[in-house]
Amino acid sequence: MAESTPRVPQATSKRLPLYYRFLQNFASAGKKRVSSSELSEAMKIDAATIRRDFSHFGALGRKGYGYDVNDLLLFFRHALDQDEGTDVALIGVGSLGNAFLKYNFQKNHNTRIVVAFDPKAPREGKTVSNIPVFHPDMMEEKIKELGINLVILTVPTKAAQEVADRLVNIGVKGILNFTPVRLTAPDWMRIHTIDLSVELQTLIYFIKNDEKDSQIE
């Protein structure tokens with residue numbers, strides 16, 4: 001089977017975990033092979049998009065046969081480094097942060113929050129949802145000690161850039177940013193921002209335009 005390559009479109013890269021999840025569902029149901037149309041129906045993604053995404057990785061299927069579910073699972077497991085666990089730090093244990101601690105990627109056994117930081121926590125730490133939570137004064141020490149490269153940021157807006165700067169200084173490679181702040185960081189650091197208010201406003205916009213389109217028809 002073809003080896004993965006990092007030179008794929010960003011939109012395709014974002015869909016890889018979805019493909020892996022749905023293929024796991026097919027495998028659990030005992031399905032041995034699957035077509036792009038079956039994946040399309042299950043995932044609500046156009047079949048042509050799926051074939052185009054898969055084409056970036058070489059010949060993953062066979063004409064007239066479709067895709068071997070177990071082969072695809074192995075391929076995407078390798079592409080997503082699912083054999084190697086990823087430890088994550090959470091910074092900010094407010095309402096959203098608490099939800100992350102309780103959830104802690106239960107459906108993904110290879111990713112887990114192993115430490116968190118919050119101003120209300122003592123320097124010596126406390127336990128929340130079985131995860132140690134320390135005061136931010138301990139952030140650099142603990143992140144270095146645990147060898148963490150990925151951080152979830154759920155701090156107040158005014159603290160976001162300052163925390164990001166501290167993470168840059170200790171070489172953290174990626175931030176999943178849940179604040180509305182557009183963080184400034186060196187090119188070597190990956191920052192993915194999820195602004196819930198923007199996502200909601202976008203959804204409202206599409207709903208209203210769908211309603212207008214239906215009225216025109």
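**Entry 1: Thr 179**

I began with Thr 179, which I found in the loop between strand 8 (174-177) and strand 9 (190-193). The model I am reading is a predicted one, and I keep that in mind throughout. Is Thr 179 buried or exposed? Its relative accessible area comes to 1%, so I noted Thr 179 as buried. I then looked up its partners: the side chains of Thr 179 and Asn 177 are joined by a polar contact of 2.7 Å, and, once neighbours within four places in sequence are set aside, Thr 179 is in contact with Leu 153, Val 155, Ala 160 and Thr 193.

**Entry 2: the chain as a whole**

I stepped back to the chain, where I count 8 helices and 9 strands. Of its 217 residues, 36% count as buried. Among contacts with a separation of 6 or more, 54% come from residues 24 or more positions apart.

**Entry 3: helix 1 against helix 4**

I turned to a helix pair, remembering that two packed helices are described by the angle between their axes and the distance between the axes. For helix 1 (residues 10-28) and helix 4 (residues 69-79), the axes come within 9 Å and cross at roughly 145 degrees, and the crossing is left-handed. Which residues make the contact? From helix 1 I listed Leu 16, Tyr 19, Tyr 20, Leu 23, Gln 24, Phe 26 and Ala 27, and from helix 4 Val 69, Asn 70, Leu 72, Leu 73, Phe 76 and Arg 77. Sorted by class, this contact holds 10 nonpolar, 2 polar and 1 charged residues.

I stayed with helix 4 and looked up its buried residues, which are Val 69, Leu 72, Leu 73, Phe 75 and Phe 76. Seen down the axis of helix 4, these buried residues fall within an arc of 165 degrees, and therefore they line one face of the helix. They pack against helix 1, but also against strand 1 (33-34), helix 3 (47-55) and strand 2 (67-68). At the start of helix 4, I found a side-chain oxygen of Asp 68 within 3.1 Å of the backbone nitrogen of Asn 70.

With neighbours within four places in sequence left aside, Thr 49 is in contact with Arg 15 and Tyr 19.

**Entry 4: helix 6**

Next I asked which residues of helix 6 (residues 139-146) are buried. They are Met 139, Lys 142 and Ile 143, and, viewed down the axis of helix 6, they fall within an arc of 95 degrees, so they line one face of that helix. On the other side of helix 6, Lys 144 and Glu 145 are exposed. The buried residues of helix 6 pack against strand 3 (86-91), strand 4 (111-117), strand 6 (131-134), strand 7 (150-153) and helix 7 (157-169). Just after helix 6, I noted that Gly 147 takes a positive phi of about 65 degrees.

Lys 44, in the loop between helix 2 (36-43) and helix 3, has a positive phi near 60 degrees and counts as exposed at 70% relative accessibility. Ser 129, in the loop between strand 5 (126-128) and strand 6, has a positive phi of about 50 degrees, and at 35% relative accessibility Ser 129 counts as partly exposed.

Terms used: Residues numbered from 1 in each chain as written. Predicted model: local features only at pLDDT ≥ 70, side-chain atom pairs only at ≥ 80, totals over all residues. Heavy atoms only, no water. Axes fitted to C-alpha atoms, helices over the stretch in contact; angles between N-to-C directions. Helix = DSSP H or I, 4+ residues; strand = E, 2+ residues; numbered from the N terminus. Left-handed = near helix turned anticlockwise from the far one by under 90°. Contact = heavy atoms within 4.5 Å. Nonpolar A, V, L, I, M, F, W, Y, C, P; charged D, E, K, R; others polar. Buried < 20%, exposed > 50% of the residue type's maximum accessible area, 1.4 Å probe, protein only. Arc of directions from axis to C-beta. Polar contact = N/O pair within 3.5 Å; in protein donor to acceptor, adjacent residues only side chain to side chain.
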